[in-house]
Amino acid sequence: MLLEQLSLAIQRGRAKETVELVQTGLEQGISAQELLDQGLLAGMGVVGEKFKINEVFVPEVLIAARALNKGTELLKARLVAEGVKPIGTIVLGTVQGDLHDIGKNLVRMMLEGAGFAVVDLGVDVAPERFIAAVREHQPQIVAMSSLLTTTMGSQRLVMQALEEAGLRKSVKVMVGGAPVTQEFCDEIGADGYTPDAASAADMAKSFVVAA
Ligand code: B1M
């Protein structure tokens, strides 16, 4: 019951209610893992599905993500104490020359909502910064966003940099952004393209499950 209410609070983007329900849940002895999986992430999953079919739009997703963040903030210490680990690590960024970050931030929220730890490198990320982040964080996945036709080429440069650094085989690479296509993904040798943020989270999950 409380878990269902928590899921609904996320779907409705109610941050205050989310925090109250998480607090009550903890007081009732529900584990942080259950509150996370069956409450917060279940709610964000529903939002992601609705976003995919245009039943909700960017503002609703952002509001739901804000509520999710409030809820997870409260759970963080408990999750660490309970030894809960993220399902994988993803290095994410908008590629060099590109300053668009609204879509990339949605992708991050969906990935976090799916249980990943996301190292967000921000915008205008040069290939060498992707490489340094892969060396430092040893992610399972590198995810790149590009909103300009002129910066799609930067995704190719990251692929080349990964090869040259001998890191290509250690990660799956996902690409996306409005001008990016499956054809382009295949051409540069990336592992996956998705047209929207919710599908990106689904694909990322499938990569870590298959590994
Ligand atoms: Co710019 N801009 N912009 N812009 N801008 C576009 C992208 C453009 C299509 C507008 C147009 O001309 N109609 C056009 C690109 C044309 C092209 O190359 N094909 C354009 C241009 C030309 C430019 C400038 C060059 C303009 C200028 O200065 N002359 C300049 C470039 C700056 C730079 O990056 N170097 C520029 C600047 C800007 C602002 C700074 C003003 C601002 C960005 C603010 C910000 O991001 N913080 C901006 C904006 C807001 C837009 C539009 C209006 C909206 C983009 C957006 O946020 N969409 C856009 C026109 C439009 O789309 N109507 C436009 C909403 C967002 C949720 O969608 O990012 O596509 P999107 O993300 C989607 C999917 O693509 C996917 O998931 C998201 C949704 O689920 N996705 C992934 C994204 N990344 C993914 C990664 C994945 C998987 C899925 O896996 C890893």
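Mentor: Please keep in mind that this is a predicted model. Glu20 counts as partly exposed because its relative accessibility is 40%, whereas Lys16, at 64%, counts as exposed. The structure holds nine salt bridges, and another one is found in helix H3 (residues 32-52), where Lys52 and Glu49 are three residues apart and thus separated by about one helical turn. In the bridge between Lys52 and Glu49, the closest N and O atoms are 3.4 Å apart. Lys52 is partly exposed, with a relative accessibility of 30%, and Glu49 is partly exposed too, with a relative accessible area of 41%.

A further bridge joins Lys104 to Asp120, and here the closest N and O atoms are 3.0 Å apart. Lys104 belongs to helix H5 (residues 102-113) and Asp120 to strand S2 (residues 117-120), so this pair ties together parts that are 16 residues apart in sequence. Lys104 is buried, with a relative accessible area of 3%, while Asp120, at 25%, is partly exposed. Through salt bridges that share partners, Lys104, Arg108, Glu112 and Asp120 are joined into one network.

We can now turn to the nonpolar residues. In soluble globular proteins, nonpolar side chains tend to be buried together. The largest nonpolar core of this model has 46 residues, and among these Leu75 and Phe116 touch the most other members. Elements that give two or more residues to this core include helix H1 (2-11), helix H4 (58-81), strand S1 (89-94) and helix H9 (197-210). H3, the helix in which Lys52 and Glu49 lie, supplies the largest share of the core, eight residues. At least three residues of this core come from each of domain 1 (2-81) and domain 2 (89-210).

If you now find Phe116 in the structure and set aside residues up to four places away in sequence, you will see that Phe116 touches several others, including Pro86, Ile87, Leu111, Ile141, Ala204 and Val208. There is also a second, separate core of 26 residues, and Val119, Val173, Val180 and Phe184 are among its members.

Methods
Residues are numbered from 1 along each chain as its sequence is written. This is a predicted model: local features need pLDDT of at least 70, side-chain atom pairs count only at pLDDT 80 or more; totals for chains, interfaces and linings use all residues. Side-chain values use heavy atoms; hydrogens and water are left out. A salt bridge is a side-chain nitrogen of Lys or Arg within 4 Å of a carboxyl oxygen of Asp or Glu. Buried means under 20% relative accessible area, exposed over 50%, partly exposed in between (1.4 Å probe, protein chains only). Helices (H or I, at least four residues) and strands (E, at least two) are DSSP runs, numbered from the N terminus. A nonpolar core is a set of buried Ala, Val, Leu, Ile, Met, Phe, Trp, Tyr and Cys residues joined through side-chain atoms within 4.5 Å. Domain bounds come from an automatic or database domain assignment. Contact means heavy atoms within 4.5 Å.
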